Amino acid sequence: MMDRGILSGYDLKRKRTRIGYSVMIAIALLMSITMIYPVLTTMLNGLKDNAEVNSFPPKFLPQSWNWSNFDAAWNYIELPLFLRNTLLIFGGNMLMSIIVLGLASFSLSRLNLPYRRAIEMFFMITLFIPPTTYLIPNFLNLKDLGLLDSFFAFWLPAGANAFFLLLLKNFFDGISMEIFEAARIDGASELSCFIRIAVPLSLPIFATLAIFVFASAWNDWFWPSLIMHKDSHYPLSTAIYKYVIQAKMLNLNIRFAILTLVMLPPIVVFLLFQRFIIRGLHLGGVKG
Amino acid sequence: MNPLTKSTTSVPIGPQAAARRSRPQVLLRKYGWSLAFLLPAAAIFLLFLWLPIMKGFVYSFYSIDFVNGNKFTGLDNYRTVLADPDVRIAIKNTLYYMFLCLIIGFWVPIVFAIAISEIKRFQGVFRVAAYLPNVIPVVVLYGLWRWLYDPVGPINASITSLWGGEGISFLSDTSWSMISLVFMETWQQFGSAMLLYLAAVLSIPRDWYEAAEIDGAGIWQRIRHITLPSLRSLILLMLVLQIIGTSQAYQSQLALLDGGPMNATLTYALLIVKYATTRLDMGTASAMGVLMFLVLGVLAMLHFRLDRKGGDAA
């Protein structure tokens with residue numbers, strides 16, 4: 001069986017097709033370069049001296065390599081503190097998602113439920129209500145509950161995510177029923193079925209969940225700036241936005257050095273685990 | 001079960017009374033665990049999703065005051081919305097932004113997915129490259145693109161060196177600012193959509209193409225009559241998702257331009273945010289949210305229907 005796609009080996013023997021195919025590859029290469037170029041530019045600009053970043057026309061490679069920019073970048077704001085906040089948010093959100101949504105999706109998928117349809121509706125309809133329409137009421141609600149300026153304002157609502165619920169439920173739907181029957185016959189309770197069978201089997205879907213939760217913890221800057229008022233509670237993204245992107249007096253090269261420091265960890269993680277991550281994203285499907 | 005047995009329960013007859021006593025126990029044994037497992041999620045959903053959604057409607061009739069307490073003001077907030085000339089601008093900008101996202105952005109991932117599916121060697125490199133901007137925190141991109149779009153930035157440097165002339169004020173020119181934002185977002189986001197399309201393209205059975213080729217179909221005909229029809233339901237779903245998503249956009253408009261220059265990038269959602277943060281009128285912000293909800297509700301229904309259909313097929 002020949003490995004073919006839309007084009008066959010026979011097509012590629014024709015000259016016109018071959019030219020077209022080469023043009024296509026060239027365009028795909030160009031696309032890849034435009035994806036990678038800004039990343040490299042950020043890093044290299046972080047190494048130039050300030051006069052050089054501001055010179056016109058800009059050059060790609062630095063003339064002098066100023067590694068000391070990264071010292072200045074590291075000390076400009078308290079990066080470790082903000083990083084800790086981001087990781088705190090990520091960890092708490094993850095724990096909350098696994099426990100609350102894991103239990104609920106296990107119940108929806110595996111257990112007897114009265115009024116199943118109504119219960120599913122209660123959870124799933126929220127998926128179709130655009131979040132911007134209740135953005136401000138959501139803020140007011142957290143304020144009414146006295147959660148502003150506390151990490152619980154992230155952690156508790158993290159359990160209210162219908163998309164993750166659906167993701168987990170679909171996964172549990174795919175686990176064979178016999179395994180649970182066998183455990184029940186051996187006298188396992190539903191809780192130990194969940195903890196000792198369902199959770200270990202769902203590590204792949206939890207990993208997918210972790211990608212999404214991490215991405216939002218690492219990315220969100222606006223929402224945290226609304227609900228956190230103390231600077232020392234900001235996650236990394238919000239801090240970068242407030243003190244680096246909005247800063248007027250910060251030298252451009254130091255700015256790029258800070259951006260590089262923030263950008264590198266997720267890129268490195270992505271490149272190391274890309275096979276795994278892309279597969280995980282596929283598990284997440286369209287509804288992201 | 002049926003109304004007859006229900007009416008007879010008022011007469012206490014031995015065996016029936018016994019059955020009634022044990023019924024809660026039976027129910028508990030049958031549903032106890034499942035309901036206990038659902039309880040935390042139900043509480044969280046109620047408290048942090050349904051409650052704010054409901055409060056949005058309530059607050060839209062109140063003047064929100066953190067110091068003196070909220071006051072019922074009837075339809076005042078809605079009157080403010082209708083009287084505000086910025087609202088009309090914001091709606092126009094939002095529609096313009098949605099339109100730009102469609103014509104600049106929507107087809108890009110489909111085209112690249114089909115192209116990359118045909119690349120046999122190093123396909124993984126192209127995938128990773130296309131997805132890379134998704135991994136970078138958006139705040140970094142804001143800083144980066146501000147510089148790329150700068151009047152003396154690299155894009156303008158290339159333009160002036162290739163064609164000469166003045167260069168373009170990508171961000172401060174009102175006719176360019178929204179286009180620049182859309183271009184940036186397309187660049188950043190098309191990779192994740194492309195991965196989905198790519199998976200769909202690669203799952204099309206190869207012998208369909210083989211058969212079409214034997215029947216004399218050319219390359220474009222194969223794409224038009226096999227590839228695109230196979231992607232149809234995915235394309236439709238992505239279209240609805242994109243329309244819903246872009247109608248709510250405000251973050252890059254806020255971060256890069258704060259709605260400027262001269263309100264050229266003031267979207268409806270950004271105006272909601274501005275009412276809440278700079279104009280300190282959260283009641284009106286809630287009212288704008290309710291109005292948006294009513295409009296988007298139609299789209300959401302469409303999404304819901306599509307999703308059901310897609311779910312059944314899969």
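## Helices in chain B

A helix here is a DSSP run of H or I that covers at least four residues. With that in mind, let us look at this predicted model, beginning with chain B. Over residues 226-244 of chain B, the chain is 100% helix and 0% strand.

UniProt, in an unreviewed entry, gives the feature "transmembrane region" to residues 31-53, 95-116, 128-148, 186-205, 226-244 and 285-304 of chain B.

## A loop with two positive phi angles

Next, have a look at the loop between α11 (251-257) and α12 (268-277) of chain B, where Asp258(B) is found. Asp258(B) is not a glycine, yet its phi is positive, near 55°. Its relative accessible area is 42%, so Asp258(B) counts as partly exposed.

Asn263(B) sits in the loop between α11 and α12 as well. Here too phi is positive, at about 65°, in a residue that is not a glycine. Asn263(B) is partly exposed because its relative accessibility is 29%, a value between the limits of 20% and 50%.

## Where the two chains meet

Chains A and B share an interface in which 106 residues of chain A are in contact with 98 residues of chain B. The size of an interface is often given as the accessible area lost when the parts come together. For chain A and chain B, that comes to about 9200 Å², with 77% of it on carbon and sulfur atoms. On the chain A side, Arg4(A), Ile6(A) and Phe128(A) lose the most area to chain B, together 9% of what that side buries.

Polar links cross the interface too: 21 residue pairs are in polar contact, and four salt bridges are found. One of the salt bridges joins the side chains of Arg4(A) and Glu213(B), at 2.7 Å from N to O. Helix α1 (residues 15-45) of chain A supplies 18 residues, the largest share of the chain A side that touches chain B. That side is made up of 74 nonpolar, 24 polar and eight charged residues.

## A buried leucine

Is Leu144(B) buried or exposed? Its relative accessible area is 1%, so Leu144(B) is buried. Apart from neighbours within four places in sequence, Leu144(B) is in contact with Pro38(A), Thr42(A), Phe256(A) and Leu259(A).

Definitions and conventions: Residues are numbered from 1 along each chain as its sequence is written. Chains are lettered from A and ligands numbered from 1 in the order in which they are written. This is a predicted model: local features need pLDDT of at least 70, side-chain atom pairs count only at pLDDT 80 or more; totals for chains, interfaces and linings use all residues. Side-chain values use heavy atoms; hydrogens and water are left out. UniProt positions are given in the numbering used here, feature names are shortened, and annotations may be inferred rather than shown by experiment. Buried means under 20% relative accessible area, exposed over 50%, partly exposed in between (1.4 Å probe, protein chains only). Contact means heavy atoms within 4.5 Å. Buried area is the accessible area (1.4 Å probe) that two parts lose on being put together, summed over both. A polar contact is a pair of N or O atoms within 3.5 Å; within protein, one must be able to donate a hydrogen and the other to accept it, and residues adjacent in sequence count only if both atoms are side-chain atoms. Ala, Val, Leu, Ile, Met, Phe, Trp, Tyr, Cys and Pro count as nonpolar, Asp, Glu, Lys and Arg as charged, and the others, Gly among them, as polar.
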